[in-house]
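Open the model in your viewer and keep the selection panel at hand.

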Amino acid sequence: MGKRILVVDDAAFMRMMIKDILTKNNYEVVGEAADGAQAIEKYNELKPDLVTMDITMPEMDGIAALKAIKSTHPTATIIMCSAMGQQAMVIDAIQAGAKDFIVKPFQADRVIEAIDKALS
């Protein structure tokens with residue numbers, strides 16, 4: 001199996017979509033989280049090679065979770081996922097240490113390109 005990935009999104013449907021893209025491309029989805037707080041917990045537990053992190057989530061948003069993970073794991077590789085029109089948030093995320101971002105709705109080739117690039 002390929003690299004280990006944690007998928008974080010508050011929408012189960014989005015997690016399923018991205019999981020499908022990843023498994024078809026020989027990535028291993030080691031865990032899922034529905035909000036930022038869960039993401040931090042799962043990251044600490046699973047130590048994945050990469051995280052796909054939604055920006056807009058209840059409880060704790062993706063940028064707060066990104067900052068929290070990066071503060072304790074500076075080498076964490078995190079790619080942000082956002083819907084159209086969240087450019088300002090995407091810039092915040094990149095400045096906070098995100099490697100890249102993917103726009104929803106997901107296009108399989110763009111997802112894989114971003115992940116391959118982030119992991120190389």
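A residue is called buried here when its relative accessible area is under 20%, and exposed when that area is over 50%. The model is predicted, and every selection below should be read with that in mind.

Select α2 (36-46) and colour Gly-36, Ala-39, Ile-40, Tyr-43 and Leu-46, which are the buried residues to look for in this helix. They lie on the same side of α2, because the arc they cover around the axis is only 155°. Now turn to the face directed away from that buried side, where the exposed residues Glu-41 and Glu-45 are found.

Next, inspect the two ends of α2. At its start, a side-chain oxygen of Asp-35 comes to within 3.0 Å of the backbone nitrogen of Ala-37, while Lys-47, which follows the helix, has a positive phi, near 45°.

Then select Val-8 and display its surroundings: beyond its neighbours within four places in sequence, Val-8 is in contact with Ala-33, Asp-35, Ala-39, Val-51, Thr-52, Met-53, Asp-54 and Met-57.

Widen the view to the largest nonpolar core, which has 21 residues and in which Val-8, Val-51, Met-53, Ile-69, Ile-78 and Met-80 touch the most other members. Two or more residues of this core come from each of β1 (4-8), α2, β3 (50-54), α3 (62-72), β4 (78-82) and α4 (87-95). Finish with another core lying apart from it, made of 17 residues, including Tyr-27, Cys-81, Val-111 and Ala-118.

Notes:
Residues numbered from 1 in each chain as written. Predicted model: local features only at pLDDT ≥ 70, side-chain atom pairs only at ≥ 80, totals over all residues. Heavy atoms only, no water. Core = buried A, V, L, I, M, F, W, Y, C linked by side-chain atoms within 4.5 Å. Buried < 20%, exposed > 50% of the residue type's maximum accessible area, 1.4 Å probe, protein only. Helix = DSSP H or I, 4+ residues; strand = E, 2+ residues; numbered from the N terminus. Contact = heavy atoms within 4.5 Å. Arc of directions from axis to C-beta. Polar contact = N/O pair within 3.5 Å; in protein donor to acceptor, adjacent residues only side chain to side chain.
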